[in-house]
Amino acid sequence: MTDLPQQTRDDAAAVLHSALAGDGDAVVGTFDAVVDRSGVAGAYGVAWCLAATMVGDDVPAGTAALDFPGIDQANYDTRWVARFLSAYANRDPETGEALFGAAIADGLLPDCLLTLAGSAVATLYGPKSPSAAQ
């Protein structure tokens, strides 16, 4: 992840901040701003950065499955996130790009990116404690 431009990391941080606040519109707005500034490739970079933040760099390449029991019963966005994270863990950006393109073609990329952002928050911060919800 260290080879990502600072702007990409800043955008990923903004997505995480918005997701942590529960502001889905701001998450989508950040991705939209990235697309306006840097195209779809920029949004892909932010998504890849989120995956890197969740998975880390210490996973042996080629060990994450793209398909596993029950995945076909999950919602599209949930399947997409699982496979996108597996692509990152496998150091397979070509599969990540293919998943990104498929979500665009299916008109579901915003849903997938929202789920990715939510998954990142859940992975990094876990469930809110009862005292934090008060």
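In the predicted model, helix H3 is followed by Arg-91, a residue with a positive phi near 55°. The helix itself comprises residues 76–89.

H3 is mostly covered, with 11 of its 14 residues buried. The buried set includes the aromatic residues Trp-80, Phe-84 and Tyr-88, together with Val-81, Leu-85, Ala-87 and Ala-89. Asp-77, Arg-79, Arg-83 and Ser-86 are also buried. The partners of these buried residues are three helices: H2 (24–55), H4 (93–105) and H5 (109–125).

Helix H5, against which buried residues of H3 pack, also contains Leu-124. Together with Leu-20 and Tyr-125, Leu-124 forms a nonpolar patch on the surface. The accessible area of the three residues together is about 280 Å².

Helix H1 spans residues 6–20 and includes Ser-18. The relative accessibility of Ser-18 is 10%, which is under the 20% limit, and Ser-18 therefore counts as buried. When residues up to four places away in sequence are not counted, Ser-18 touches Asp-23, Ala-26 and Val-27.

Technical notes:
Residues numbered from 1 in each chain as written. Predicted model: local features only at pLDDT ≥ 70, side-chain atom pairs only at ≥ 80, totals over all residues. Heavy atoms only, no water. Helix = DSSP H or I, 4+ residues; strand = E, 2+ residues; numbered from the N terminus. Expected span 1.5 Å × (residues − 1). Buried < 20%, exposed > 50% of the residue type's maximum accessible area, 1.4 Å probe, protein only. Contact = heavy atoms within 4.5 Å. Patch = residues over 30% accessible without salt bridge, like charges linked within 9 Å, V, L, I, M, F, W, Y side chains within 5 Å. Areas by Shrake-Rupley, 256 points an atom, 1.4 Å probe, with all protein chains shown as cover. Salt bridge = Lys/Arg side-chain N within 4 Å of Asp/Glu carboxyl O.
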